[in-house]
Amino acid sequence: ADGGTPLVNLHTGTPMNPASVMKLVTTAAALDILGAPYIWRTPVWADGSLHDGTLRGNLYIRGQGDPKLVVERLWLLLQQVRQAGVHTIDGDLVLDNTAFDLPAHDAAAFDGEPLRPYNATPDALLVNFKALTLQFTPDAGLGVARVGMSPPLAGVHFPQTLPLSDNGADCSSWQNSVKANFGDSRAISFAGNYPAHCGSRSWTLAYAAPAEFSARAITGLWLELGGSISGQVRFAPVPQNIRQRAPLAESLSPTLAEMIRDINKYSNNVMTQQVFLTMGLHTSGRGSMDSATAAVQQWWRTRLGDAPPPQQINGSGLSRTARISASSLGAMLQAMWKSPVMPEFVSSMPVAGIDGTLRRSRVRQPGSAHLKTGTLDDASALAGYVLANNGRHYVLVAMANGSGAPAARPAFEALVDWTMEHSEDPARPGPALSMPSHTSPAPASSP
């Protein structure tokens, strides 16, 4: 990790699709550009007079890119507003998401699965990753399963119960039994029943009308807290004169160092894109894909000089056209090893055989490698740091592209094992690097 000749060096200059391993570039750049202690603020202002719990005027909420404004934190923010004495908004609830400048996006464009949470689109006022969770709890006495939804979405209706069944359905695919219909964004329906023997289960999915999600979630939670609104819920910028005032309430996010643990350990796409866009906002005052790309490219030139830069597209790796070479990624990992933020960067990655996306990894020595995974239909990758038995850390980058790319995973794990067992003592050479012949569908690259 601290330099030297590569132990294995195959096709390392070829740009390849790294899938979610691209998140390592985004999070490394963010630690330098924004700083590990960076936090996102979501302020709330009241514009008007307050009498006996009634705000005669508008309530403004301004999003500034917080990647993790989840239900619990939104509840606390709105509770602050309630504790400030506001019960009724006798005006409009105005939501400002103009900190990011993004074109319209089709959530189905990537793979035709718009309800999958990984396809959620970024937003300056991103609430709960634009995802809702349905909770199904059997009540054997009444012969029904009770249905709950979090966050509560104003104006969205769904059955409070559905019939129980004892048909012996496979609990690994229990969703098929309820026969849900999500086609109408204002009405979720079920045409089936719930298998009683499956116990309590939850189902998380992206909302069918993502542009409406934050408004419905904030309104629904405000009403659930006992608040009311007499006017409209609308999107508009917060007027400059109001932004100059101290906020009535404010939500402060976890630090960037904490955020990147969620991003890299669990490969959260929309959180990564929020961080990516924040770098553009921070460096240029405009949070767009172009400004974010420019910020990372400038960082790359400063940090890595002439090493060929990545083609990031959106920063998350959820792309068919993103590219980086193994040599460039390896050089970046070596540079980060010498960085003051190395501990935060390394600890953000899954630990092989222990947690995150590598908890089921079959490496022979669990706990000895911090590695980021990447998987698409036509791309598979693994990159990070491996602690070898000789006491040294090594950078590892392996990528495979092509129709059989996911089948390369056993070869990657064999490479991790080989690296762990490497010896620098000439009298005690490391083991031969052997991989099953059936796991080489495409070129693999490993500096």
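Apart from neighbours within four places in sequence, Thr-42 is in contact with Ile-61, Arg-62, Asp-66, Leu-69, Leu-77, Leu-125, Ala-249, Glu-250 and Ser-251, where contact means heavy atoms within 4.5 Å. The structure is a predicted model, in which local features need pLDDT of at least 70 and side-chain atom pairs count only at pLDDT 80 or more, while totals for chains, interfaces and linings use all residues. Residues are numbered from 1 along each chain as its sequence is written, and side-chain values use heavy atoms, with hydrogens and water left out.

Thr-42 lies in strand β1 (residues 41–51). Helices (H or I, at least four residues) and strands (E, at least two) are DSSP runs numbered from the N terminus. The relative accessible area of Thr-42 is 1%, so this residue is buried (under 20% relative accessible area; exposed is over 50% and partly exposed in between, with a 1.4 Å probe and protein chains only).

An open sheet of 5 strands has the order β10-β7-β6-β5-β11, with mixed pairing. β10 (194–195) and β11 (201–206) stand at the edges with a single partner strand each, so one side of each has no neighbour in the sheet. Two strands pair if DSSP finds at least two bridges between them.

Strands β5 (residues 131–139) and β6 (residues 144–150) are paired antiparallel over 7 bridges, and Phe-136 has Val-147 in β6 as its bridge partner. These strands, β5 and β6, form a hairpin with 4 residues between them, and Gly-143 in the turn has a positive phi of about 70°. β6 is also joined to antiparallel strand β7 (residues 161–165) by 3 bridges; here Arg-146 is partnered by Thr-161 in β7. Between β5 and β11, which run antiparallel, there are 6 bridges, and the bridge partner of Leu-134 in β11 is Trp-203.
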